[in-house]
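Subject: Handing over a structure

Dear colleague,

I am passing the structure below on to you, together with some notes on what was found in it. Please keep it open while you read.

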Amino acid sequence: MKEHISAAFKSQFGAAPDVVVRAPGRVNLIGEHTDYNLGFALPMAIDRAVWIALRQREDRRVWLRSLDFNAPADFALDEFSHAAGWTDYVRGMTWALSESGYSLSGWEGVLASEVPVGSGLSSSAAVELAVAKAFWAVRPWTWDGVAMAKVARRHENEWMGVKSGIMDQMISAIGLAGKAFLIDFRKLSFKPVPLPEGTVVVVMDTKVKRGLVESAYNRRVAECREAAVYFMVESLREVSVEIFEELADGLDDVIMRRARHVVTENGRVLSSAEKMAEGDAPGVGALMLESHASLREDYEVSCRELDLMVALATAEPGCFGARMTGAGFGGCAIALVEEGAAQALCVRVAEGYERETKIKPELYVCRPANGAEVVT
């Protein structure tokens, strides 16, 4: 991709770029809808990224062409207004960086993405961190992954109006090749954890776009807050399984099930990190399956296609476990698979899924990758 994006830049501007940056998408191995509840998750950056080839400008403007969309982002650094489509992410991150006190200079470039939009692999966080790295490349400041993730979350919350947590931005900022990360969202601390030896992650894109995900996401956030108020805590992170089981009878059924997912999911994340450190792939896989069942039944964010993909994958030799990943309502599922069995699994699961749904999916093998970085 580096050569491709550099060639596109030269075609656009007549010269080679000064610098190329990339920021990865992510999959979350386990720990879904826990970040905004200040709990735990176990994501990894993937070897699919958003790339920007760029050079500095003399004036205070940003001009950025996407190879995937028609209209370029074209605006002055001091003029903050919303725009339609993908360019609003570029404008919004510029606003968030400026509002957070970072000194910015103008630049121009070309963007390309290997992260499918709307698939649950966090293409938006990858764009946010790639834009941040581009600004850093032309006027460096002290780069801190947690600080950059906070800026990107501010963009999501205040510019885009999505009440998201910080997981996607964190892992896109701090990812490390070969490692997943156990993230504690209350402390914003993280610890690298290796994948079990001899395993890879298969990403299974259902090609079902996530309809109404933002409104449903915000509703889940509100439901969790209602549960936290009931338990008289700041967040559901502070509710143990024992406390939940003792007091949950007083909750509305829907709120009870939302809280049960979060409380039990936090436990599954911590157990998964331990089993990964021990190299216990079957143990991690069993917890992934429990997570998917909880997301389907208690949190109600799965769908028929995700459930089918998980079932097809877990029926294959070499698959330790599978689950939906991301906010839900479509997008991707993932499977933890023996490396030698991965390609055959991709073929058979794709055939079975297309036979059942008449939709052609996309499956690919992913490995943990570095977070946002300069690659030239």
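An open sheet of four strands is present, with the order S10-S11-S9-S12 and antiparallel pairing, where strands (E, at least two residues) and helices (H or I, at least four residues) are DSSP runs numbered from the N terminus, and two strands pair if DSSP finds at least two bridges between them. Strand S10 (319–325) and strand S12 (362–366) are the edge strands, each of them pairing on one side only. From one strand to the next the twist averages 20 degrees. Helix H10 (residues 304–314) packs on this sheet and touches S9, S10 and strand S11 (332–338), its direction making about 170 degrees with that of S10; contact means heavy atoms within 4.5 Å, while axes are lines fitted to C-alpha atoms, for helices over the stretch in contact, and angles run from 0 to 180 degrees between N-to-C directions. Strand S9 (residues 199–205) pairs with S12 in the antiparallel sense over five bridges, and Asp205 has Glu362 in S12 as its bridge partner.

Before going further, please note that this is a predicted model, in which local features need pLDDT of at least 70 and side-chain atom pairs count only at pLDDT 80 or more, whereas totals for chains, interfaces and linings use all residues. Residues are numbered from 1 along each chain as its sequence is written, and side-chain values use heavy atoms, with hydrogens and water left out.

Strand S2 (residues 40–41) is joined to S7 by two bridges and runs antiparallel to it, with Ala41 having Ile183 of S7 as its bridge partner. S7 is also joined to strand S8 (residues 189–194), by six bridges and again in an antiparallel arrangement, and here Asp184 stands opposite Ser189 in S8. The hairpin of S7 and S8 has four residues between the strands, and in it Leu188 takes a positive phi near 55 degrees.

Finally, there is a helix pair: helix H4 (residues 145–160) and helix H5 (residues 167–174) pack at an angle of about 145 degrees, with their axes 8 Å apart. The residues that make the contact include Val146, Ala149 and Arg153 of H4 and Met170 and Ile174 of H5.
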